[in-house]
Amino acid sequence: MKNNAPLLKRIRENRLFWPLVALALILIFDAIFAPGFFKIGILDGHLFGNLIDVLNNSAPLMLVAIGMTLVIATGGVDLSVGAVIAISAAMGAVLINPALGNKLITNDILTKDATNTPLWLIVLVDLAAGTLCGLWNGLLVSRGKIQPMVATLILMVAGRGIAQLITNGQIMTIYYTPYFYFGNGFILGLPVSIYIVAVVFLFAWVLVRKTSIGLFIESVGVNAKATYYSGISEKNIKLFVYTFCGFCAAIAGLILSSYVHSADGNNNGLNYELDAILAVVIGGTLMTGGRFSLFASVIGALIIWTFTITMYTFGVPANALLAGRAVLVLVVILLYSDYARRFLNRIVDRKGSQHGTTN
Amino acid sequence: MAQRIKLFLLNNGPLLTTITIFILVYFVGGRLYPAMQKPQVFFNLFINTASLLIVSIGMTFVIITKGIDLSVAGMIALTSAASAALLANGASPAMVIPLMLLMGVVFGFTLGCIIHFLKVEPFIVTLMGLFFARGMAYIITLEALPIQDLTYRFLALTKIPIPFFAKAYVYIPSLIGPLLLLVVIYLSFFTRFGRTVYAIGNNEQSARLMGLAVGRTKIIVYTFSGFCSALAGIVWSISLLSGYGGYAPGMELDAIASVVIGGTLLTGGVGNVVGTLFGVLINGTIVSILQFNGTLSSWWTRIGVGLLTLIFIGIQSLFYMRKKHS
């Protein structure tokens with residue numbers, strides 16, 4: 001018992017503990033009430049089933065959450081990711097079929113399985129557009145010294161307008177098959193999008209854990225002024241995280257537009273900024289900045305989508321699902337509040353009050 | 001004297017800038033489209049932005065305390081859907097309207113309590129409120145419900161002539177915003193509550209050490225915002241005569257943008273509810289210029305509001321830098 005308690009405590013204080021508990025709770029709920037949830041079959045040489053759906057659907061959110069984690073770790077927030085997703089999706093659709101919008105064209109040109117721009121260029125331009133948006137946010141925050149919430153609010157409001165401007169206000173349907181690969185393709189039975197997430201995650205992880213950049217980001221979040229005085233360019237750190245967040249959102253836009261086969265300035269990535277912030281908060285990163293965990297944010301994104309797909313399997317209409325999501329947020333809030341933690345610690349330790357846990 | 005003028009300009013700079021920008025935007029619109037010079041077009045601004053004005057007034061207080069309220073648009077949708085459903089089932093408006101206001105108050109109070117007692121970011125809590133309100137509205141009705149109630153129709157269609165302007169009129173609901181504004185001006189500048197709100201925004205720690213009722217004031221502010229959004233929801237359902245969960249998409253952003261354009265800082269402690277009025281009017285003016293043009297598409301509104309926010313923030317930061325130096 002004596003050896004056991006510290007271990008329990010260590011597990012409990014690990015930042016991955018609470019997100020994993022939440023995920024496990026949802027999965028246990030599924031196991032009891034919807035046993036079919038875990039069924040995985042093989043169709044056309046790839047896996048399918050609810051779990052695969054969760055992975056494929058949550059991929060864009062995971063990407064955005066990775067970028068958002070770094071931004072929030074510096075004490076900022078990026079509200080524009082949803083708009084950046086729309087811009088990136090619009091860019092892709094326009095490059096595939098630039099004729100649309102300007103001229104009256106016949107239906108068979110419109111629905112042709114062809115592209116006017118090579119695929120590699122489309123991907124490159126998509127990513128460049130998103131990165132540029134991120135750079136703009138970063139410049140406003142780091143050089144313009146505007147509060148992050150306002151600075152990114154500008155692009156959030158204007159960005160969807162820009163996306164509509166690009167597609168000339170139309171919802172563009174994409175008929176070019178190779179483009180669908182990002183959102184609907186499979187490698188070794190698993191969705192392509194998951195591999196993309198893995199690559200980006202690995203890149204970000206190596207960047208923040210194997211180089212000193214991660215430490216710099218945390219120190220900017222804890223105290224930007226002190227960071228500046230200790231000789232670290234807090235401006236460039238901020239510039240970097242916002243740019244990276246824009247880059248992640250651009251990839252998410254690519255995957256999303258490829259998944260739904262269309263680009264719609266109003267609805268691509270709708271509410272993604274809110275979901276991404278939610279994922280990061282579920283992952284235990286504080287909105288005030290400082291310590292962060294990329295993996296916990298990815299788990300957070302998984303929790304959101306596992307919950308969503310679970311609700312779908314119960315036949316809850318997509319719109320009413322919002323109320324369910326509110327309950328999810330409430331549970332997270334309660335679980336993370338100091339009161340709840342102290343209470344739980346006291347139950348488990350029986351002597352918790354003198355420990356004075358701080359998290 | 002010169003010193004005094006300078007001080008006055010520095011203190012009220014953001015507000016004066018907002019008013020100047022509004023006059024400038026309106027003037028440009030008038031020059032481009034002579035039809036915009038009609039007085040009715042000006043009063044149309046109040047008709048079109050009735051809900052936005054009410055919501056933004058509530059939001060101003062919240063933002064001055066360094067908080068944010070994302071739930072307002074959801075609350076508008078929920079109020080409209082709930083009142084449409086109640087009226088369709090034969091409830092009388094005399095009961096529905098107080099009930100909706102009570103719902104808004106309870107909703108805001110709950111959010112305020114969670115924010116204060118559980119110490120969670122307002123952003124997250126009100127985000128939950130947004131999800132909850134919209135979801136509930138969709139649970140009530142999945143499609144738009146018409147309102148056939150006679151009282152609502154009467155309120156929606158009665159024109160109030162404006163004195164001194166021939167043929168100019170507003171509707172009854174568009175008067176609620178300006179009236180509320182007067183109340184809020186009194187509250188924010190002439191009461192203890194108003195001063196406490198500013199003190200909290202400037203430095204919550206100091207406000208608490210000074211013995212001000214920080215917790216109570218914060219909860220009241222969110223309750224008031226909930227009340228305002230329910231009121232805006234009633235105005236919305238009166239002017240559209242229907243209720244639906246998808247109404248007012250993204251209006252929380254319009255409200256925040258209007259408040260910011262009105263000179264209130266999102267960092268809290270600085271702001272003026274009069275500026276919010278002009279922020280909302282600027283928003284309305286841009287929309288009507290686009291309508292008068294006719295060929296410009298709706299997305300230019302978003303781009304325009306975004307650009308204006310940017311310009312205004314630039315001017316604002318200039319003012320505060322000056323103020324710090326002087």
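Reader: In which helix of chain B does Leu45(B) lie?

Author: Leu45(B) belongs to helix H2 of chain B, residues 39-48; helices (H or I, at least four residues) and strands (E, at least two) are DSSP runs, numbered from the N terminus. The model is predicted: local features need pLDDT of at least 70, side-chain atom pairs count only at pLDDT 80 or more, and totals for chains, interfaces and linings use all residues. Residues are numbered from 1 along each chain as its sequence is written, while chains are lettered from A and ligands numbered from 1 in the order in which they are written.

Reader: Why does Leu45(B) count as buried?

Author: A residue is buried if 20 or more other C-beta atoms lie within 10 Å of its own, exposed if 12 or fewer, and partly exposed in between, with C-beta atoms placed from the backbone. Leu45(B) has 22 C-beta neighbours inside 10 Å and therefore counts as buried.

Reader: Which residues does Leu45(B) touch, not counting those up to four places away in sequence?

Author: They are Leu281(B), Gly284(B), Thr285(B) and Ser288(B). Two residues are in contact if their C-beta atoms, placed from the backbone, lie within 7 Å. For Leu45(B) and Gly243(B), 198 residues apart along the chain, the C-alpha separation is 22 Å.

Reader: What makes chain B as compact as a globular protein of its length?

Author: Chain B contains 14 helices and four strands. Its radius of gyration is 20 Å, close to the 20 Å given by the globule rule for 326 residues, so chain B is as compact as a globular protein of that length. The radius is taken over C-alpha atoms, and the rule is 2.2 Å times the number of residues to the power 0.38. The C-alpha trace of chain B spans about 60 × 55 × 35 Å along its principal axes, and 50% of the 326 residues of chain B count as buried. Of the contacts in chain B with a separation of 6 or more, 79% are between residues 24 or more positions apart.

Reader: Why is helix H13 of chain A called largely enclosed?

Author: Eleven of the eleven residues of H13(A), residues 272-282, are buried, so the helix is largely enclosed by the rest of the structure. Among them are Tyr272(A), Glu273(A) and Asp275(A). Just after H13(A), Gly284(A) takes a positive phi of about 95 degrees.

Reader: Into which domains is chain A divided, and which elements of domain 1 touch domain 2?

Author: An automatic or database domain assignment supplies the bounds: domain 1 covers 17-315 and domain 2 covers 317-353. Their C-alpha centres lie 26 Å apart, and the contact takes seven residues from each of the two domains. On the domain 1 side, H13 and helix H14 (294-313) of chain A give two or more residues. That side divides into six nonpolar, one polar and no charged residues.

How values were computed. Nonpolar A, V, L, I, M, F, W, Y, C, P; charged D, E, K, R; others polar.
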